[in-house]
There are 2 protein chains.
Amino acid sequence: MKAALREDIPSLSHRSKKFESIYKDTVDGLRELLDLPADYHLFFTGSATEIWERIIQNLVEKNSFHLVNGSFSKRFFEIAQQLHKKPSKHEVSAGHAFPNALPISSDTELIAFTHNETSTGVSLPLDFIYNYKVTNPSALLVVDAVSSLPFPDFDYSKLDSVFFSVQKGFGLPAGLGVWMVNDRCIAKADELLSKGISIGSYHTIPSLKTHALKYQTPETPNVLGIYLLSKVVEDMVRRGIGKIRKETEYKAAVLYQTLDKQADLKPFVTDKAFQSKTVIVADTGEHTEKITKLLLEKGMQPGDGYGASKKSQLRFANFPTHSKEHFELLVDSLELL
Amino acid sequence: MKAALREDIPSLSHRSKKFESIYKDTVDGLRELLDLPADYHLFFTGSATEIWERIIQNLVEKNSFHLVNGSFSKRFFEIAQQLHKKPSKHEVSAGHAFPNALPISSDTELIAFTHNETSTGVSLPLDFIYNYKVTNPSALLVVDAVSSLPFPDFDYSKLDSVFFSVQKGFGLPAGLGVWMVNDRCIAKADELLSKGISIGSYHTIPSLKTHALKYQTPETPNVLGIYLLSKVVEDMVRRGIGKIRKETEYKAAVLYQTLDKQADLKPFVTDKAFQSKTVIVADTGEHTEKITKLLLEKGMQPGDGYGASKKSQLRFANFPTHSKEHFELLVDSLELL
């Protein structure tokens, strides 16, 4: 942020060459960090919530299918309803895994996965997602990775669109979404448009793509946010994504180990294959206040449980910005209980 | 920005009490600064471009009417087409005034005015706009004030919706739009929804209003942008809007006076009633490069002409952040030509 102020980024025109160079740095950096295939395009939006809407507008004529297991996956489904599509869903209760191989109708155009349910700490195993590429080859596989990237080592060739926002795993100020789509998504949006279906206005895939090819955006974007993302991505590439992933796994392992052995708190998600590494949710029941107080005294602020679980759960973010030392202090503190 | 870093705003949760208090400060400050009637509601979006889309979705079933006199007013019209409405327009060539009392069909639901065409420096006189409240009382009057607010002293009771983005007259980093709507707009969106028309998803007027009543947003917003806006608005209230407006008029007057008397540059907009006070466009023809060079030597950067006029015009922004001394230096420099 201090570098941004020195470089006068907050007043930089988004039609300037310098902005185009920042845009290019951000996209090139993300391509390298995430090892994206060449047929993926990257677009910027105001939020991941906006991307839910743009996905439904641009990639669904009628039938989307949603795997719902918490507030965020449910909202994605509801947006499809609000936009007058005919979405279907398979819903499981919060904290639970999905059964393997859900039967999904062959006329499904898009399957929506929430890789990491921020509300409950359930994360979908990657092979579970990829399997639908085999069972439903004509559907577009779309993955909400808001609170997991850059941790998951996705095989993007088995997916069609992945998106995130920058305030979680990238540790940046909120107000920017990143939407990655492959050529199948481009073709689908073109197809809907050629059928005379409205796919939106300034943030349609064709409009985003035309501008992205010039390292531009259709609207005046969050220039500062894009600049900050370019710098954080550069830093992550320098640290090495392998190292970031290993540290994330280590930090998750020590916390889950502690949750397993302490009496006053236990993992909310019991199926280990579905336990999130990046948002770890603990059932804390009547001990919530005591645990929160203890951690605050040590200078750590756990997240409240989501919605109805506000007073009976705590959520621990495990992002690249959280150091190993921070997690070691966290588990040492919890072991005092 | 430095205060924001000190207060840790970039990592503030948008579901926190502190965020709600910042939201409230911003809205209360804008109400005071702009003297908004009590029946106006304020919403935040990612950009003013987004607001064009939300206006068409939420406030038009079929018929909008657009006064088109440049790139931005034209884009607003095109968005209505992309969203499958039936917009009409009256188009005049760039830099020209509209005739008085355009005949607008009585079934028009919304009339779209671009108060200040950033591309050409044409500003609509306020009485010209208000007149349509008399001739078309059933239509909603919607004003794009992106590059004019906080300068214009609108009588909001004669309008229904006004919007702007923060990177122009408020001098802030881009990535935030402010959308002001009155109760007639709320009723119109509710009416469309009750007719079974899709008005969008997370950024519909009903959703924005429900959240705004709690000083919240439907999505994770640009928290830093909202905070910075609260501080700039607080500063403007302290300086006094009357003083800001008088200074804007003074700065515009000295620049237009110079344009009138210099041979190498003249005002592009010749009808004085339509000359913008906040974006002053000069025809510079073959002298563009020479003038740009002269100003750069004095430490000033004029804006290029827009689109096809890139090499034959210069645009001078006259926002609250530009001091009287800055404009005096500008006209002294131009008089050396």
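**Where chain A meets chain B**

Modeller: Happy to! The contact takes 31 residues from chain A and 31 residues from chain B. Please keep in mind that this is a predicted model. The size of an interface is often given as the accessible area lost when the parts come together. Here chain A and chain B bury about 2500 Å² between them, with 58% of it on carbon and sulfur atoms.

Two salt bridges cross the interface of chain A and chain B. Glu53(A) makes a salt bridge with Arg54(B), and their closest N and O atoms are 2.9 Å apart. On the side of chain A that touches chain B, helix 3, helix 4 (71-82) and helix 8 (223-239) of chain A each supply at least two residues. Helix 3 of chain A gives the largest share, five residues. Sorted by class, that side of chain A holds 13 nonpolar, 13 polar and five charged residues.

From chain B, let's follow Ser201(B), which lies in the loop between helix 6 (183-194) and helix 7 (205-212) of chain B. Ser201(B) counts as buried because its relative accessibility is 0%. Beyond its neighbours within four places in sequence, Ser201(B) touches Glu53(A), Arg75(A), Ile79(A), Gln82(A), Leu83(A) and Ser207(B). With Glu53(A), the side chain of Ser201(B) forms a polar contact of 2.6 Å.

Methods: Residues are numbered from 1 along each chain as its sequence is written. Chains are lettered from A and ligands numbered from 1 in the order in which they are written. This is a predicted model: local features need pLDDT of at least 70, side-chain atom pairs count only at pLDDT 80 or more; totals for chains, interfaces and linings use all residues. Side-chain values use heavy atoms; hydrogens and water are left out. Helices (H or I, at least four residues) and strands (E, at least two) are DSSP runs, numbered from the N terminus. Buried means under 20% relative accessible area, exposed over 50%, partly exposed in between (1.4 Å probe, protein chains only). Contact means heavy atoms within 4.5 Å. A polar contact is a pair of N or O atoms within 3.5 Å; within protein, one must be able to donate a hydrogen and the other to accept it, and residues adjacent in sequence count only if both atoms are side-chain atoms. Buried area is the accessible area (1.4 Å probe) that two parts lose on being put together, summed over both. A salt bridge is a side-chain nitrogen of Lys or Arg within 4 Å of a carboxyl oxygen of Asp or Glu. Ala, Val, Leu, Ile, Met, Phe, Trp, Tyr, Cys and Pro count as nonpolar, Asp, Glu, Lys and Arg as charged, and the others, Gly among them, as polar.
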